[in-house]
Amino acid sequence: MKEKTIAVAFKGILRGQVTRPPPVWLMRQAGRYLPEYQKIRKRVGSFWTMCMSPDLAQEITLQPIERFDFDAAIIFSDILVVPYALGQKVRFEDGIGPILDVLGDVFALIQDRNIWAEKLAPVYQALTATRTSLSSKKILIGFAGAPWTLAAYMIEGRGTPDQKKAKLHAYQEPKKFLDFLEILSDAVATHLIRQIDAGADVVQIFDSWAGGLNERNFSDWVIAPTKKIVISVRAHKPDAYIIGFPRAATQTGYERYIAETGVSAVGIDTATPLSWAAKALGGQVAIQGNLDPLALVAGGDTLSCAIDDVLQASEGVPFIFNLGHGVLPETPVDHVAQLVAQVRRAVK
Ligand code: 1CP
């Protein structure tokens with residue numbers, strides 16, 4: 001692929017074109033495994049301050065582009081800026097992650113978009129500044145958490161392996177829970193539209209907790225809110241490029257998700273066979289994924305074989321090379337450079 005055309009090709013892929021070598025970027029490519037990130041983290045001390053300072057967010061967003069020449073930058077921010085904008089207190093504890101205050105009445109959450117825009121202005125400023133300094137050859141990705149994943153964090157107060165409390169609440173108060181998802185869908189759509197207005201070329205919706213739901217819950221909590229968001233975003237931006245990532249959805253879950261939500265591309269997690277996804281979904285949407293983040297930690301032949309597997313499984317379909325989940329903090333930077341070099345050598 002010619003350098004000049006990478007940004008154009010990336011959008012072409014999201015419209016269904018097939019390109020080799022595929023563009024490459026990695027979820028969580030900015031962050032803890034990078035020494036230059038750690039340096040800023042140590043100096044500033046607070047992850048939240050880094051997210052909310054446009055200059056710092058821009059600098060951190062560009063770090064992995066400068067070091068590895070990825071084809072896309074993802075804005076340095078977090079899915080939990082939305083609960084914060086809605087009025088829930090969020091803090092980040094070293095070694096634990098995000099901690100949210102107990103959620104009160106969901107109807108008391110701030111729903112005025114102007115108050116919102118003010119609170120999240122630093123994120124939009126960071127996008128505009130980054131789009132200005134980023135090469136026109138590169139894509140800038142904005143993002144948000146999906147309503148179900150955000151609801152789980154907001155109800156549980158932190159990340160949990162099973163989202164038991166959130167699920168139980170949804171079962172016990174079904175009407176109230178669906179109203180809550182409505183509020184979140186509206187907020188997420190607004191946040192994505194504002195990111196596109198500020199300079200994001202593509203947006204990704206992270207539904208990190210989409211796995212483990214039964215058929216009905218997957219429809220009501222994952223598919224329906226995502227569909228609503230896609231419709232709202234496209235009502236403002238008809239050509240918006242939207243990547244959905246319903247992590248650990250089952251194969252039928254993935255099929256229904258892409259048939260019903262209207263996303264331009266779908267992120268495939270590590271446990272879902274990419275060859276299946278390419279065949280079953282690749283005729284309808286672009287596919288993104290799904291190298292095992294642990295193979296990237298391991299490096300060497302393990303990594304090399306895993307990259308070849310992904311390249312082979314994705315032949316002939318619109319494809320963006322990525323991991324099946326985020327970069328792990330213990331990932332050696334040399335392995336990331338090896339990955340980019342090997343992906344760029346792919347010819348067919
Ligand atoms: O320095 C630090 O300790 C902060 C660590 C960190 C970083 C670098 C957090 C706290 N968030 C981020 C950035 C981040 N988060 C990005 C930046 C852009 C990039 O990809 O480079 C993105 C896209 C996210 C998205 C995010 N945050 C998700 C969805 C993706 C996923 O991994 O499933 C989730 C679930 C979060 C919540 C969150 N924020 C931070 C942590 C450690 C977590 C996960 C905690 C948990 O496992 O519950």
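Colleague: In this predicted model, which helix gives the most to the lining of the largest pocket?

Modeller: The elements that supply two or more lining residues there are H2 (35–44), strand E2 (90–93), strand E3 (97–100) and helix H8 (147–156). One of them gives the most, with three residues. That element is H2.

Colleague: What is the volume of the largest pocket?

Modeller: The lining of this pocket has 40 residues. Arg28, Arg32, Phe47, Asp78 and Pro98 lie nearest the centre. The volume of the largest pocket is about 1200 Å³.

Colleague: Which element gives the largest share of the lining of the second largest pocket?

Modeller: The second largest pocket has a volume of about 180 Å³. Its lining has 15 residues, and Leu103, Gly104, Met154, Ile155 and His169 lie nearest its centre. H8, helix H9 (164–172) and H10 each supply at least two lining residues. The largest share, three residues, comes from H8.

Colleague: How many residues in the lining of the second largest pocket are charged?

Modeller: Seven residues of this lining are nonpolar. Three are polar. The charged residues number five.

Colleague: How many cavities of 30 Å³ or more does a search of the whole structure find, and which helix gives the most to the lining of the largest cavity?

Modeller: The search finds one cavity of 30 Å³ or more. About 60 Å³ of space lies in the largest cavity. The residues that line it are Leu86, Ile110, Gln111, Arg113, Trp116, Ile183, Asp186, Ala187 and Thr190.

Colleague: At what angle do helix H7 and helix H10 pack?

Modeller: H7 covers residues 121–133 and H10 covers residues 174–198. Two packed helices are described by the angle between their axes and the distance between the axes. Here the axes are 8 Å apart, and the angle is about 35 degrees.

Colleague: Is the crossing of H7 and H10 left-handed or right-handed?

Modeller: Val123, Tyr124, Leu127 and Thr128 of H7 meet His191, Arg194, Gln195 and Ala198 of H10. By class, this contact has four nonpolar, three polar and one charged residues. H7 passes H10 in a crossing that is right-handed.

Colleague: Why does alanine 198 count as buried?

Modeller: Alanine 198 lies in helix H10. Leaving out residues up to four places away in sequence, alanine 198 touches Tyr124, Leu127 and Thr128. Buried means under 20% relative accessible area. Alanine 198 counts as buried because its relative accessibility is 12%.

Colleague: How many Å apart in space are alanine 198 and glutamine 125?

Modeller: In sequence, alanine 198 and glutamine 125 are 73 residues apart. In space, C-alpha to C-alpha, the separation is 7.1 Å.

Colleague: Which glycine follows H12?

Modeller: Helix H12 spans residues 251–261, and its buried residues are Gly253, Tyr254, Arg256, Tyr257, Ile258 and Thr261. The cover over them includes helix H11 (215–236), strand E6 (241–246), strand E7 (265–268) and helix H13 (274–281). The residue after H12 has a positive phi, near 85 degrees. That residue is glycine 262.

Key. Residues are numbered from 1 along each chain as its sequence is written. This is a predicted model: local features need pLDDT of at least 70, side-chain atom pairs count only at pLDDT 80 or more; totals for chains, interfaces and linings use all residues. Side-chain values use heavy atoms; hydrogens and water are left out. Axes are lines fitted to C-alpha atoms, for helices over the stretch in contact, and angles run from 0 to 180 degrees between N-to-C directions. Helices (H or I, at least four residues) and strands (E, at least two) are DSSP runs, numbered from the N terminus. A crossing is left-handed if the near helix is turned anticlockwise from the far one by less than a right angle, and right-handed if clockwise. Contact means heavy atoms within 4.5 Å. Ala, Val, Leu, Ile, Met, Phe, Trp, Tyr, Cys and Pro count as nonpolar, Asp, Glu, Lys and Arg as charged, and the others, Gly among them, as polar. Buried means under 20% relative accessible area, exposed over 50%, partly exposed in between (1.4 Å probe, protein chains only). On a 1 Å grid over the protein atoms alone, a cavity is a set of points where a 1.4 Å probe fits but cannot get out, and a pocket is an open set with protein on both sides within 12 Å along at least five of seven lines; lining residues have an atom within 4 Å of a point. Grid points are joined across faces, edges and corners, and a volume is the space filled by probe spheres set on the points.
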